[in-house]
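Visitor: I would like a close look at a single part of this model. Please take me through its pockets.

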Amino acid sequence: MDLKVLLSSLNDFASLSLAESWDNVGLLVEPSPPHTVNTLFLTNDLTEEVMEEALQKKSDLILSYHPPIFRPLTHITWKTWKERLVIQALENRVGIYSPHTAYDAAPQGVNSWLAKGLGVCTSRPIHPSKAANYPTGGTHRVEFSVNSTQHLDKVISAVKEIANISITSFSTRTDDEEQTRISLNCSQEALLQVMAFLSQNRQFYQKTEILLLEKPPLPQTGMGRLCTLDEPASLATMIERIKRHLKLAHVRLALGVGRTLESPVRVVALCAGSGSTVLQGVEADLYLTGEMSHHDVLDAASQGINVILCEHSNTERGFLSDLRDMLGAHLENKINIILSERDRDPLHVI
């Protein structure tokens, strides 16, 4: 499959527009075109050991969940491991693509996969993603009333001269007087021109409203998940479910003040990876994430919220097995998709 075609299909699967503004997602390293992808290699982290594996397996594109290039590189030498990754990729004509927080937010993404380990529950994003575009043209809506046909013609004629604006009108009755209500959807730039016109022609209109339009939230899309179990379970039971789902022998636990292993858990707030920012201030019986700062753990525990930490990538890596199957179906099995066998979290309990 041609690289550009594959990239378009990957974006159809989970749009990069879902990623956080601070993130570095998409195609990070591109071999000179044309570039054909026969083997797609999936990994959570692209380390030098994993790169060696990808090259041994004749990969044409590496999908690394975490972007190996995050901060800008000022030079490409053999000095640091991330620079060496770029050099090896280019020398061997291997592309590198990272979806990161786009997959966190996606309805079928990492956080939804993490929630599967909790038991039967309903979930919703903690911080919903918004659509890329406004529901109607423009970012603002201006509404005002005109009570004279003569004034109405002048207003509509003047407004039509302004670019990036759409006009609708409808009849209303106020105090037994027929009026026409004008509604304008306009851009920020057009709004300034509309207000300039209205301020110079105050006799034409009355009852003005200016509304800031919002992009609509996307269903089941966004950062984190707030999960409500159909049946409450003890904290001890939740720990075992999570360990089984993540295939971990150990997790780290902070008991909330006044809680025990037998305390019931009904609401779980989770965030794959690093959850401090996403989970902060969320009301729940349990926080589940990979890592949180020491002081954020103390804050949560002081509020009676239990905290389970599993190490950063342990809350993400298991998703790749599901991703392989989903991408296989999405790409109609036109390319070979393989999982890294050497990718692992750098931290171990000994």
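What is the volume of the largest pocket, and what lines that pocket?

Guide: The model is a predicted one. Its largest pocket has a volume of about 1,000 Å³. The lining consists of 48 residues, and those nearest the centre are Trp22, His100, Thr101, Asp104 and His312. By class, 19 of the lining residues are nonpolar, 17 polar and 12 charged. Domain 1 (3-101) and domain 2 (106-129 + 220-315) each contribute at least three residues to this lining. At the level of secondary structure, at least two lining residues come from each of α3 (81-91), α4 (101-105), β6 (127-130), β11 (217-223), β14 (264-274) and α9 (276-279).

An unreviewed UniProt entry places the feature "binding site" at His66, Asp104, His312 and Glu316. These positions span 251 residues in sequence, but no two of their C-alpha atoms are more than 13.3 Å apart, so they gather at one spot. His66, Asp104, His312 and Glu316 are included in the lining of the largest pocket.

Asp104 belongs to helix α4 and has 7% relative accessibility, so it counts as buried. Leaving aside residues up to four places away in sequence, Asp104 touches Tyr65, Val110, Asn111, Gly222, Met223 and Arg225.

The second largest pocket holds about 330 Å³ of space. Its lining has 15 residues, with Leu246, Lys247, Arg317, Gly318 and Ser321 nearest the centre. Helices α8 (235-246) and α11 (319-330) each give two or more residues to that lining. By class, the lining of the second largest pocket has six nonpolar, five polar and four charged residues.

Note on methods: Residues are numbered from 1 along each chain as its sequence is written. This is a predicted model: local features need pLDDT of at least 70, side-chain atom pairs count only at pLDDT 80 or more; totals for chains, interfaces and linings use all residues. Side-chain values use heavy atoms; hydrogens and water are left out. On a 1 Å grid over the protein atoms alone, a cavity is a set of points where a 1.4 Å probe fits but cannot get out, and a pocket is an open set with protein on both sides within 12 Å along at least five of seven lines; lining residues have an atom within 4 Å of a point. Grid points are joined across faces, edges and corners, and a volume is the space filled by probe spheres set on the points. Helices (H or I, at least four residues) and strands (E, at least two) are DSSP runs, numbered from the N terminus. Ala, Val, Leu, Ile, Met, Phe, Trp, Tyr, Cys and Pro count as nonpolar, Asp, Glu, Lys and Arg as charged, and the others, Gly among them, as polar. Domain bounds come from an automatic or database domain assignment. UniProt positions are given in the numbering used here, feature names are shortened, and annotations may be inferred rather than shown by experiment. Buried means under 20% relative accessible area, exposed over 50%, partly exposed in between (1.4 Å probe, protein chains only). Contact means heavy atoms within 4.5 Å.
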